[in-house]
Amino acid sequence: MQPRPMRADARRNYERLISTARAAFMEHGTSASLDDIARRAGVGSGTLYRHFPTRDDLLHAVLSERIDGLLAHAAGLMGEPDPEAALAGWLRGYLDGAMSPRGTSTVIIEAMSARWAATRLGAAAGAIRDAVGGLLERAQRAGAIRTDADAADLLRLTNAIGVAAERAPDPAAYADRMLALLFDGLRTR
C-alpha cells in the first residue's frame, strides 16, 4: 500500500521544515530546539511533530541525502584497486560530513547503539557501519589493515576525530592529521 501523496501546502511545510532544521543544526548543532525550528519555519509545533514525530525523524530527513551519498561512495570504492586508499578516502569523506552540522558525529555514534536500532537513524547508522565494514574487510584481506579492528571500532574512532575536529581552529587540517595517525596504527606494515 502506497502512502497518500502530500497536499501541496503540506509538502511546502515539510520542505521548509527540513531547510530550516538544516540551517538551525548548522548554526546550533544537532541539539537545536525543535520548537525554535518550527517557529523559524513559520509553522506551529504541531505541524513539525506531524511531519517528524521525533528528533530522530527530523535528523534522518536532514541527513538522508548525505547518508545516501556515503553509501553510494562506499559502493563505488569497492572496485578501487588500492583497498587501503579506498578505505581512507571513504573515511575522509565521512568526516567531511560528520563535522557539519556540528554534533553529527555524536548523533551517528549514538544511533549505532541498540537503543536506536528500531529507528530510521539507527537503520542508517547500521547501513553506514556495513558499508565501511565492506571496505575494511577488503583492506584486511589485502593484508594492508590489521585484522583485529572492526567496522564499529573504526567508526567510533573516526567519529571521535570528528567531534575533536569540531573544536579545532582548522577542522579539516586537524581531521587529516588525526586520520593519518589512525591509519599509522591500523596498517600492518
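Guide: Let's begin with Arg40, which forms a salt bridge with Asp36, their closest N and O atoms being 3.8 Å apart. Keep in mind as you look that this is a predicted model. A salt bridge here needs a side-chain nitrogen of Lys or Arg within 4 Å of a carboxyl oxygen of Asp or Glu, so the 3.8 Å between Arg40 and Asp36 meets the rule. Both residues belong to helix 2, where Arg40 and Asp36 are 4 residues apart, about one turn of the helix. Arg40 has 35% relative accessibility and counts as partly exposed.

Asp36 has another partner as well: Arg39 forms a salt bridge with Asp36, and here the closest N and O atoms are 2.1 Å apart. This pair also sits in helix 2 (residues 34–41), with Arg39 and Asp36 3 residues apart, again about one turn. Arg39 is exposed, its relative accessible area being 58%. Follow the shared partners and you find one network of salt bridges that joins Glu27, Asp36, Arg39 and Arg40.

Now look at helix 1 (residues 8–28), which holds a pair of its own, Glu15 and Arg11. Their side chains meet in a salt bridge, at 3.6 Å from N to O. Because they are 4 residues apart in the helix, about one helical turn separates Glu15 and Arg11. Glu15 is partly exposed at 47% relative accessibility, and Arg11 is partly exposed too, with a relative accessible area of 37%. By the same rule, the count for the model comes to 11 salt bridges.

From pairs of side chains, we can turn to a pair of helices. Two packed helices are described by the angle between their axes and by the distance between those axes. Helix 6 (residues 104–111) packs against helix 8 (residues 151–166) at an angle of about 155 degrees, and their axes are 8 Å apart. That angle makes helix 6 roughly antiparallel to helix 8, since angles over 145 degrees count that way. Their crossing is left-handed.

Which residues make the contact? Helix 6 brings Thr104, Ser105, Thr106, Ile108 and Ile109, while helix 8 brings Leu155, Arg156, Asn159, Gly162, Val163 and Glu166. Sorted by kind, the residues of this contact between helix 6 and helix 8 are 4 nonpolar, 5 polar and 2 charged.

Notes: Residues are numbered from 1 along each chain as its sequence is written. This is a predicted model: local features need pLDDT of at least 70, side-chain atom pairs count only at pLDDT 80 or more; totals for chains, interfaces and linings use all residues. Side-chain values use heavy atoms; hydrogens and water are left out. Axes are lines fitted to C-alpha atoms, for helices over the stretch in contact, and angles run from 0 to 180 degrees between N-to-C directions. Helices (H or I, at least four residues) and strands (E, at least two) are DSSP runs, numbered from the N terminus. Angles under 35 degrees count as roughly parallel, over 145 as roughly antiparallel, 65 to 115 as roughly perpendicular and the rest as oblique. A crossing is left-handed if the near helix is turned anticlockwise from the far one by less than a right angle, and right-handed if clockwise. Contact means heavy atoms within 4.5 Å. Ala, Val, Leu, Ile, Met, Phe, Trp, Tyr, Cys and Pro count as nonpolar, Asp, Glu, Lys and Arg as charged, and the others, Gly among them, as polar. Buried means under 20% relative accessible area, exposed over 50%, partly exposed in between (1.4 Å probe, protein chains only).
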